[in-house]
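Please read it beside the sequence and the model.

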Amino acid sequence: MGDTAGMAVPHYMASGMGGIRSGGDLVARMQFTKNMKIGPAKEYVAKKLGISALDIADEHVMRELREELKIGVITGVPGAPRGIAAKMNIERLLDIKINSCDKFREMTKK
Amino acid sequence: MTQFYTRMGDGKRVLMTKEQIINDIQAGIADAADMGGVPDLTSNDIDMLFDIISDKNRIVGVEPGNEVVLTYDIGQLDFTGDNGNSGNGVDVGRLESALLHERALGADTFELAHADYSIKPVKPVIANEMQTMEEIQNEIVIPYFYGAMPNAGLYYAPDGPYGNPADLMREFKIEEAMKAAELTADHLARDIEYVATRMVAAGADGFNFDTTASAGDADFVGTLKGVEALRKACPSTYIMVGMAGESVMGIHGSIEYRGELAAGKYPHQQVKMAQKAGANVFGPVVNTNTSKSLAWNMARSLTFVKECVKASDVACHVNMGMGVGGIPMLETAPLDALTRCNKAMVEIAKVDGI
């Protein structure tokens with residue numbers, strides 16, 4: 001898809017979960033890691049976060065929670081983990097392995 | 001009689017009555033049901049679809065709680081590409097593009113892409129692609145794929161080493177055409193394994209096979225064999241297989257994957273083959289007919305995709321770009337039409353993602 005203003009933006013507005021603006025990246029990881037459909041993936045993430053499935057796409061719930069859990073936030077917060085550091089925290093939170101974190105650990109192994 | 005503003009498949013605005021819209025919905029359903037041998041939408045579905053199409057608001061959306069995961073094709077080419085990809089022609093870097101999608105555009109996932117967005121041209125620049133993947137993985141949080149089209153067409157003359165089946169068939173060299181397609185499928189599978197395993201070694205969360213079967217049944221079989229090899233080499237990698245159309249074209253005609261004919265398969269059958277090969281997520285495609293109304297195209301797409309979602313054991317992320325999923329075939333798809341297609345796919349076809 002090109003035309004970002006006509007595709008990425010309205011798809012997000014109409015039905016998107018919001019990525020790290022809320023919790024869409026976490027649900028996506030469960031779909032791919034455990035072959036989950038949307039309902040079970042949301043339930044799994046909600047249970048791990050201690051919130052309801054409805055709250056996963058709720059910015060009011062997720063903005064603070066993501067910063068508290070150190071799993072990456074949408075705004076530029078100095079000192080807040082992002083990239084590999086945030087993904088390592090997501091691994092622990094969701095009880096999954098993330099490929100780039102595995103590679104990072106291999107590279108830093110003595 | 002009340003009339004509603006709606007669209008044609010080319011995006012042109014038209015006025016239609018309720019009766020005209022319902023008639024087109026029923027005709028779209030009948031076309032898909034007849035072609036694919038799938039059930040009709042229910043009367044409840046038809047009522048819901050009419051309500052969505054006739055909504056007075058410019059933009060519509062799903063009810064809170066019904067949100068789904070978004071995945072993407074062409075990666076940063078949506079910013080950098082030319083109008084062939086509806087790209088903006090802005091020469092932004094691949095790292096910046098990925099982070100802008102993550103932090104400015106609400107993306108749940110994203111991907112890295114080569115400018116030609118095909119498997120074959122990635123081979124000579126694989127080291128370049130690997131180091132860019134490593135660099136971006138250090139910064140990004142959302143699942144970040146490598147994406148490319150299998151694009152078996154690049155393996156046929158004049159671009160590739162094998163005879164072009166279209167030319168050979170014109171000369172009635174049917175066996176040579178079939179052989180060229182078979183050799184292409186095997187070559188494509190080898191190239192997929194080469195490229196995809198290296199991108200996973202560079203830290204990619206997974207691989208997005210986009211526009212699969214664009215060159216027909218041998219393209220589909222080659223991709224499935226490549227997916228199978230990737231799954232064997234990288235058991236935990238994320239694999240998404242997105243299609244090129246609702247029906248696999250029989251360019252070869254009798255090529256099979258694991259004993260099953262590839263030609264003529266519809267989304268609810270394609271997904272079973274993709275699952276067997278090792279896909280985690282499947283992307284059904286239904287192409288838009290520009291001469292028919294939005295109502296006709298939406299109904300037809302929903303009929304195919306609803307059955308695909310029912311048949312699938314893995315998540316289905318329906319393709320919803322320009323000219324697919326009921327969306328008008330227009331470089332700048334109208335927002336009213338696009339959001340209506342989005343809502344209908346989520347709440348009627350029950351897709352797991354877009």
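Predicted model: local features only at pLDDT ≥ 70, side-chain atom pairs only at ≥ 80, totals over all residues.

Residues are numbered from 1 along each chain as its sequence is written, chains are lettered from A in the order in which they are written, and side-chain values use heavy atoms, with hydrogens and water left out.

**Interface of chains A and B**

- Chain A places 49 residues in contact with 67 residues of chain B (contact: heavy atoms within 4.5 Å).
- About 4,400 Å² is buried between the two chains, and carbon and sulfur atoms give 58% of that area (accessible area, 1.4 Å probe, that two parts lose on being put together, summed over both).
- On the chain A side, Met1(A), Phe32(A) and Lys37(A) lose the most area to chain B, together 18% of what that side buries.
- There are 2 salt bridges between chain A and chain B (a side-chain nitrogen of Lys or Arg within 4 Å of a carboxyl oxygen of Asp or Glu).
- Arg82(A) and Glu139(B) form a salt bridge through their side chains, at 3.4 Å from N to O.
- The side of chain A that touches chain B divides into 24 nonpolar, 16 polar and 9 charged residues (nonpolar: Ala, Val, Leu, Ile, Met, Phe, Trp, Tyr, Cys and Pro; charged: Asp, Glu, Lys and Arg; polar: the others, Gly among them).

**Cavity**

- The search of the whole structure finds 1 cavity of 30 Å³ or more (on a 1 Å grid over the protein atoms alone, a set of points where a 1.4 Å probe fits but cannot get out; lining residues have an atom within 4 Å of a point).
- The largest cavity has a volume of about 30 Å³ (the space filled by probe spheres set on the points, which are joined across faces, edges and corners).
- Its lining includes Met1(A) and His11(A) from chain A, and Tyr72(B) and Ile354(B) from chain B.

- The largest pocket holds about 740 Å³ of space (a pocket is an open set with protein on both sides within 12 Å along at least five of seven lines).
- Of the 37 residues lining the largest pocket, Met1(A), Asp73(B), Asp210(B), Thr211(B) and Asn319(B) are the closest to its centre.
- The second largest pocket has about 290 Å³ of space.
- The lining of the second largest pocket has 8 nonpolar, 6 polar and 6 charged residues.
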